[in-house]
Amino acid sequence: MTGDKQTAADLGQEVFLKAYRHMDSFRGDSKFTTWLYSIARNHCSNARVARQARREETVEPFLLDMTSEKGPGPEARLERQEREDSLRSLIRESLDPLEAQVMSLHYGEELRLDSISRLLGLTNASGAKAYIVSARRKLTRAISASKSFPKGRRKAPQP
Amino acid sequence: MSDPQEELDLLKSSLAATSNCFSIDDLGRYADAAGELAWRERGDAHIKTCVRCQTELSLLQQFRSQEVQPSESEAVAWIDQKVARHLDTILPHHQHVPDPEATAARGRGRKTFFASGIFRPAAALAGLLIVASSGLYLWSHRLGSVPQMKTDLETTSDNYRSGNLSIVAPTGDIGRVPATLVWQPTPDAVRYEIRLMEVDRQVLWKASTGSVSVELPDDVRQQIVPAKTLFWEVEAFDKAGAKIASSGNQRFRVSAKAN
């Protein structure tokens, strides 16, 4: 995904060390593997935030100010919520589990397609992309056929 | 609406974690069929309809079930020893949530408990590297791991009091990154120590003050990302420096949809 295996390997090592250093904080509330998985996710999240923060340093401050001000109003938020709920239902109803998983990782978690292919062990020629294409086609069809999906959205987004 | 970017945003937000989504801890318990029946039933209802939690659960199970490679066996044995020693020291005194598996395991003894738990961590560690090199780095960014769900089994937003020091805010699921941590005064307290922690209780930031609130520095606030559960704790000390009250660990999380 990053095209940077070294970074990924470094993170992996850091998680090893972090888990070892903080072993005393493991209290047995959950299984060790769950605890370890949490550490890995948190650590990677922190690394990503740090990386993003470094990027944002280069953005003009007034642009940041503009983007952080004024969210949508209550009506727009409600409408957005309805659209999200409808789309979730359509994803659930029209995609098979693997397609939904690939969509979730790609769009929800913003994981790259080649990473998803490796993560899920997809061995077909085009890997996760095939699932995205198929899911998108099904979703577009489902949106078109849906009477309840809010107007104006009749096509699934391009990856 | 024909704006492709807006459509893409909609798809992303529809598939991102919500405030109802399970934490990794909760998914772990759910996978182990632990916890109270009512809680598991709520889990059934949510996971059945949530693609994100289904995916996360699947990945957690995959993580847990990584096979140990022959080349890793020495490291596995070493980790096994370390973890077992540590758990031998904590389990007899450990106050645990009612987890039938763990309770039964304590009764059966450490070996049985860890027959499924010790080697897998090491396997999971090995698996972690595989996952990391596959892109965990960015994959995990939204969840911070840790999209968390309120649970009846541990400190929650409902626990406004723990120990004998009352927390005011933040607690539970909140709409935006907090600027200040606030608690109720404790009689005879002259100093308060505050700790902000990750879910593994690693301290992210700590401070000491004589006041009943403390501002979070910007660099700390930047680490409080949506959908990431954090804990904080306040301890009160008297004039002699003795600890006289504690809030216990208080959970909070900025909603995944916070702007």
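A residue counts as buried when its relative accessible area is under 20%. The views below are taken from a predicted model.

Figure 1. S8(B) covers residues 229–237 and is mostly covered, with 9 of its 9 residues buried. Thr229(B), Phe231(B), Glu233(B), Glu235(B) and Phe237(B) point one way from the strand. Leu230(B), Trp232(B), Val234(B) and Ala236(B) point the other way, and the residues of both groups are buried.

**Figure 2. The pairing of S8(B) with S5(B) and S10(B).** Strand S5 of chain B, residues 191–197, is joined to S8(B) by 7 bridges, and the two strands run antiparallel. Within S8(B), Glu235(B) has Glu193(B) standing opposite. Strand S10 of chain B, residues 250–254, is also antiparallel to S8(B) and is joined to S8(B) by 4 bridges. Here Arg251(B) in S10(B) stands opposite Phe231(B).

Figure 3. Strand S9 of chain B spans residues 243–246 and pairs with S8(B) in the antiparallel sense over 3 bridges. Ala245(B) in S9(B) is the bridge partner of Ala236(B).

Figure 4. Two packed helices are described by the angle between their axes and the distance between the axes. From H5(A), the contact is made by Met103(A), Ser104(A), Tyr107(A) and Gly108(A), and from H1(B) by Leu8(B), Leu11(B), Lys12(B) and Leu15(B). Sorted by class, the contact has 5 nonpolar, 2 polar and 1 charged residues.

**Figure 5. Two backbone details in loops of chain B.** Most residues other than glycine have a negative phi, and most peptide bonds are trans. The peptide bond from Ala169(B) to Pro170(B) is cis, with omega near 0°. Pro170(B) is in the loop between strand S2 (165–169) and strand S3 (172–174) of chain B. Asp188(B), a residue other than glycine, has a positive phi near 75°. This residue lies in the loop between strand S4 (180–183) and S5 of chain B. Asp188(B) has a relative accessible area of 66%. The cut-off for exposed is over 50%, and Asp188(B) is therefore exposed.

**Figure 6. The two chains behind the close-ups.** Chain A has 7 helices and 0 strands, and its elements run α-α-α-α-α-α-α from the N terminus on. Of its 159 residues, 45% are buried. For contacts in chain A between residues at least 6 apart in sequence, 54% join residues at least 24 apart. Chain B has 9 helices and 10 strands. Buried residues account for 54% of the 259 residues of chain B. Of the contacts in chain B with a separation of 6 or more, 67% are between residues 24 or more positions apart.

Conventions
Residues numbered from 1 in each chain as written. Chains lettered and ligands numbered in written order. Predicted model: local features only at pLDDT ≥ 70, side-chain atom pairs only at ≥ 80, totals over all residues. Heavy atoms only, no water. Contact = heavy atoms within 4.5 Å. Nonpolar A, V, L, I, M, F, W, Y, C, P; charged D, E, K, R; others polar. Buried < 20%, exposed > 50% of the residue type's maximum accessible area, 1.4 Å probe, protein only. Pairing = 2+ DSSP bridges.
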